[in-house]
Amino acid sequence: MTAVTEFVSGAFLPLVLFFTGIYFFIFLSRHIFSPLKVCRALKKGRDRSLSFSSLWLALGGTLGVGNITGVCAAISVGGAGTVFWIWVCALFSSVIKYAETVLAVHFRETDGNGRRFGGAYSYIKNALKSPRTAVFFAILCVITSFTMGNITQVKSASDAAYYAFGIPTPIFSFLFFVIVLIICSGGGKLITAFTGFTVPFLCVFYVVLSLIVIVALRENIPEVTARIFREAFTPRAGVSGIAAYLCSPAMRLGITRGVMSNEAGCGTAPIAYAAGKSTDACGTGLLGIAEVLCDTLLLCTLTAYAVLLSGTSMQDSSVLTAYSAFSSVLGKFVYPLLGASISLFALAAVTAWGFYGRSAMTFLGMKQPAIAAYCFLFSLSSFLSAFIPESLCWKLADLSISLMAVINVIALFLLFPTVKRLTKEYFI
């Protein structure tokens with residue numbers, strides 16, 4: 001399995017995603033990155049029910065712990081120049097996120113209760129007429145919800161809780177299990193309500209916390225910025241930066257476990273947007289771009305500057321690196337604040353992935369008893385994370401998310417004429 005995983009998620013897939021983003025950017029950027037065209041298109045008011053609850057749900061799934069601990073891991077491997085390549089890849093990946101979101105909303109389905117659902121499996125089935133591939137993708141989504149969407153998140157959060165509050169990992173994992181079970185058993189409405197409340201609050205809180213550190217150390221900003229650009233063109237920074245962002249959130253070793261940022265090209269976040277009320281596919285696609293900008297160009301950048309400005313040395317644990325950077329200005333009292341933030345970011349990510357798993361189960365034709373069983377097993381894996389070897393979990397997560405990305409990118413290329421047509425009609 002290791003050899004297969006290394007082949008699928010090695011250097012090949014990041015490069016494919018990177019150049020896919022460049023290709024999409026060439027044809028779409030004149031529309032989706034034109035402020036005039038965007039404002040004019042939104043002003044037409046074709047559908048004013050753009051679902052920001054879907055944005056918060058998708059952000060919950062992509063943020064996780066990666067915007068804090070992941071950035072620290074990426075910098076420790078690739079140096080300050082890694083940040084530049086994360087910015088570059090974010091720009092191109094946002095176009096991929098736009099394309100897959102547009103397709104997910106345009107080709108979504110409705111279940112027996114009239115609820116909308118969809119994702120990559122929907123456009124693979126309905127547009128490409130490949131139901132077997134769609135079923136395989138949905139199965140991979142369910143598997144990935146247990147590994148990358150749950151166990152890896154809880155493991156990082158449990159480390160943060162242990163260093164901040166001294167809570168033993170088994171106890172923390174059990175508490176996580178109970179909370180996740182309550183939220184996920186409440187169905188999609190409770191999950192979106194939870195992420196709709198916690199994610200905006202967490203984003204604002206973390207922005208304020210980071211800005212306090214950055215403002216306190218503002219005299220070092222020119223030096224750090226120059227260092228980012230100076231080190232960006234070393235082989236070390238370029239390779240780790242591109243790999244850190246584009247393999248996200250299934251990055252190998254320190255980077256693989258690091259920048260869990262965005263998931264563009266993996267076909268997961270569009271599940272959240274497809275469940276929204278809006279019928280405006282391109283308008284919803286713009287929310288996908290906003291998700292990337294918030295996740296990477298805002299939160300990950302704030303973490304990077306807080307760490308680099310503080311001059312803290314890289315620790316063996318990314319959590320400790322983050323704690324050291326923030327405490328250099330705010331003191332030890334920041335430990336519980338940061339520990340609680342990381343734990344809540346992880347909880348939002350896990351519940352969002354629970355939503356993705358439920359949607360995939362619905363697509364597979366599963367009835368309520370099967371979905372209830374999935375919710376219990378999914379929640380139970382939060383507790384079992386305390387006893388599952390981390391290396392095994394990451395190998396499974398790496399393989400499943402990489403296979404999802406390969407399938408999704410092929411589908412996006414085949415359906416790119418549809419994306420261009422819908423975009424042209426929307427913005428003209």
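In helix α18, the buried residues are Ile371, Tyr374, Cys375, Phe378, Ser379, Ser381 and Ser382. Seen down the axis of α18, these buried residues fall within an arc of 145°, so they line one face of the helix. That face packs against three helices: α8 (131–165), α9 (169–185) and α17. The model is predicted.

The length of α18 can be checked. Helix α18 covers residues 368–384, 17 residues in total.

Asn150 sits in helix α8. Its relative accessibility is 0%, and therefore Asn150 counts as buried. Setting aside residues up to four places away in sequence, Asn150 touches Ser145, Val350, Phe378, Ser381 and Ser382.

**The whole chain**

The protein has 428 residues, and 60% of them count as buried. Its secondary structure consists of 20 helices and two strands. Take the contacts between residues at least 6 apart in sequence: 83% of them join residues at least 24 apart. The accessible surface comes to about 16200 Å². Carbon and sulfur atoms account for 69% of that surface.

**The nonpolar core**

In soluble globular proteins, nonpolar side chains tend to be buried together. Here the largest nonpolar core has 129 residues. Those with the most contacts inside this core are Tyr98, Tyr123, Ile228, Phe326 and Tyr356. Helix α17 (residues 334–363) gives the most to the core, with 16 residues.

Leaving aside neighbours within four places in sequence, Tyr123 is in contact with Glu100, Leu103, Ala104, Phe107, Leu128, Asn408, Ala411, Leu412 and Leu415.

**Phe107 and its loop**

Phe107, one of the contacts of Tyr123, lies in the loop between α6 (82–106) and β1 (109–110). Phe107 has a relative accessible area of 17%; buried means under 20%, so Phe107 is buried. Beyond its neighbours within four places in sequence, Phe107 is in contact with Ser122, Tyr123, Asn126, Ala127 and Thr418. Phe107 and Gly118 are eleven residues apart in sequence, and their C-alpha atoms are 7.4 Å apart in space.

Lys129 lies in the loop between α7 (120–126) and α8. Lys129 is not a glycine, yet its phi is positive, at about 55°. Its relative accessibility is 64%, so Lys129 counts as exposed.

**Cysteines**

How many disulfides does the structure hold? The count is zero. Cys184 is in no disulfide, and the nearest cysteine sulfur, that of Cys375, is 5.7 Å away. The cut-off for a disulfide is a pair of cysteine sulfur atoms within 2.5 Å. Cys184 is buried, with a relative accessible area of 1%. Cys282 is also buried, at 3%.

**Accessibility of selected residues**

| Residue | Relative accessible area | Class |
|---|---|---|
| Asn150 | 0% | buried |
| Cys184 | 1% | buried |
| Cys282 | 3% | buried |
| Phe107 | 17% | buried |
| Lys129 | 64% | exposed |

Methods:
Residues numbered from 1 in each chain as written. Predicted model: local features only at pLDDT ≥ 70, side-chain atom pairs only at ≥ 80, totals over all residues. Heavy atoms only, no water. Helix = DSSP H or I, 4+ residues; strand = E, 2+ residues; numbered from the N terminus. Buried < 20%, exposed > 50% of the residue type's maximum accessible area, 1.4 Å probe, protein only. Contact = heavy atoms within 4.5 Å. Areas by Shrake-Rupley, 256 points an atom, 1.4 Å probe, with all protein chains shown as cover. Core = buried A, V, L, I, M, F, W, Y, C linked by side-chain atoms within 4.5 Å. Expected span 1.5 Å × (residues − 1). Arc of directions from axis to C-beta.
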